[in-house]
Amino acid sequence: MKISKNIAILLSCLTTVFNVNAQTAGSTENQEQILNLYSSRHYQTDEKLYSDFTKFTGIKINRLDTDDNALLERLKSEGKNSQADVILMTDASRLWKAEANDLFLPVKSKILDSKIPENLRGKDSGEGVKWYGFSTRARVIVYNKNLVKAGEVDTYDKLAEPQNKGKVCTRSASHPYMMSLLSSIIEQKGEEGAAVWAKGMADNLAKPPKGGDIDQIRSVASGECGVALTNSYYYARLMLSPKQEDKDVVAKTTLIWPNQSTNGTHVNVAGGGIAKYSPHKANAVKFLEYLASDSAQKYFAEGNNEWPVVKGVAVDNAALKSLGTFKQQAVNIAAIGMNQVKAQKILDKVGYK
Ligand code: FE
């Protein structure tokens, strides 16, 4: 009895030490003023995002910029020797994958917990949260008004109905953006309902999935497809483009916020967390907390025509302003991440590639 009580006390001390480390290690360690950032972001406004952090804290940022898959592989192969302090990625499915590969260190931060909405972060295991969303993007519908009517394509469900046979274009169904949308549908309809939707989508395709979201929008403009799915920032990027060919694409297409009279549009996040073997944990916490500050939120979101997650921070973006506001799906982003395995099973079953 006495032994188990002592073990309990020891365990609670260890937990306390760990939490203090995650929150305030900088005050006790003589830490180098360095932050190694592994990021899949590549936006021009990010330069100011990073230089402001260095200006405010004196912490120099070393960046490794690469795509999400390469980032994941690199972190896995570096293992305990990794010098990564913070990992930034896009889409809950990728953040979840990094979490499932045990690449994050849980963080307990009152600042992050108070500023980042609870539905836009990874699940708190009790040890802390492994990743937070820092901006949001929506999965929207873009259509060609010469080929389909708005009322025929204003929900995700309708895209999978027989009336749209041969009219729908999407990128590969196994891409994280499509997987997350399917995961949100699993969350709402269950696996069977989601499988019916995925089968309907596969049956309605105008052509085999190829290319990214912008390619789908271009195919809608050219009339090859009547309707397509895309992340909102790709459409905003075309809206803001000075190129005539992009202006033409925008003129020939219309964006719809899906599911406005039902459960709302699917929203996902770009976000990040602390790397499991971070050599500069206190700096990493400081950086994540900085990303939740008003000025950083603006840079972070606007760098890719997205929306800030912190309440009260407004973006100054002409494209987003003209697209207006919309009703968002009330789904928890951590649950979307966790449905990825089920989503892949459904895609395999119905043959949607
Ligand atoms: Fe993207």
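Predicted model: local features only at pLDDT ≥ 70, side-chain atom pairs only at ≥ 80, totals over all residues.
**Stop 1: the main core.** Start by selecting Leu 35, Ile 116, Phe 134, Phe 287 and Leu 291. These residues have the most contacts inside the largest nonpolar core, which has 49 residues. Now colour helix α11, residues 281–291: with 6 residues, it gives this core its largest share. Where does the core sit relative to the two domains? Colour domain 1 (31–136 + 268–319) and domain 2 (137–266 + 325–350); both give residues to the core, so it lies between them. As a general point, nonpolar side chains in soluble globular proteins tend to be buried together.

**Stop 2: around Leu 35.** Stay with Leu 35 and show what it touches, leaving aside neighbours within four places in sequence. Its contacts include Phe 53, Ile 59, Ile 61, Val 86, Ala 284 and Phe 287.

Stop 3: Select α7, residues 176–204. A straight helix of its 29 residues would reach 42 Å at 1.5 Å a residue, but the end C-alpha atoms here are only 20 Å apart. Centre the view on Lys 189 and you'll find a kink of about 120°.

**Stop 4: Asn 144.** Finally, go to the loop between β5 (132–143) and α6 (156–159), where Asn 144 has its place. Is Asn 144 buried or exposed? Its relative accessibility is 5%, so it counts as buried. Look for a polar atom of the Asn 144 side chain 2.9 Å from the backbone oxygen of Val 220. Beyond four places in sequence, Asn 144 is also in contact with residues including Gly 223, Cys 225 and Lys 252.

Methods:
Residues numbered from 1 in each chain as written. Heavy atoms only, no water. Helix = DSSP H or I, 4+ residues; strand = E, 2+ residues; numbered from the N terminus. Buried < 20%, exposed > 50% of the residue type's maximum accessible area, 1.4 Å probe, protein only. Polar contact = N/O pair within 3.5 Å; in protein donor to acceptor, adjacent residues only side chain to side chain. Contact = heavy atoms within 4.5 Å. Core = buried A, V, L, I, M, F, W, Y, C linked by side-chain atoms within 4.5 Å. Domains from an automatic or database assignment. Expected span 1.5 Å × (residues − 1). Bend = angle between axes of the 7 residues up to and from the residue.
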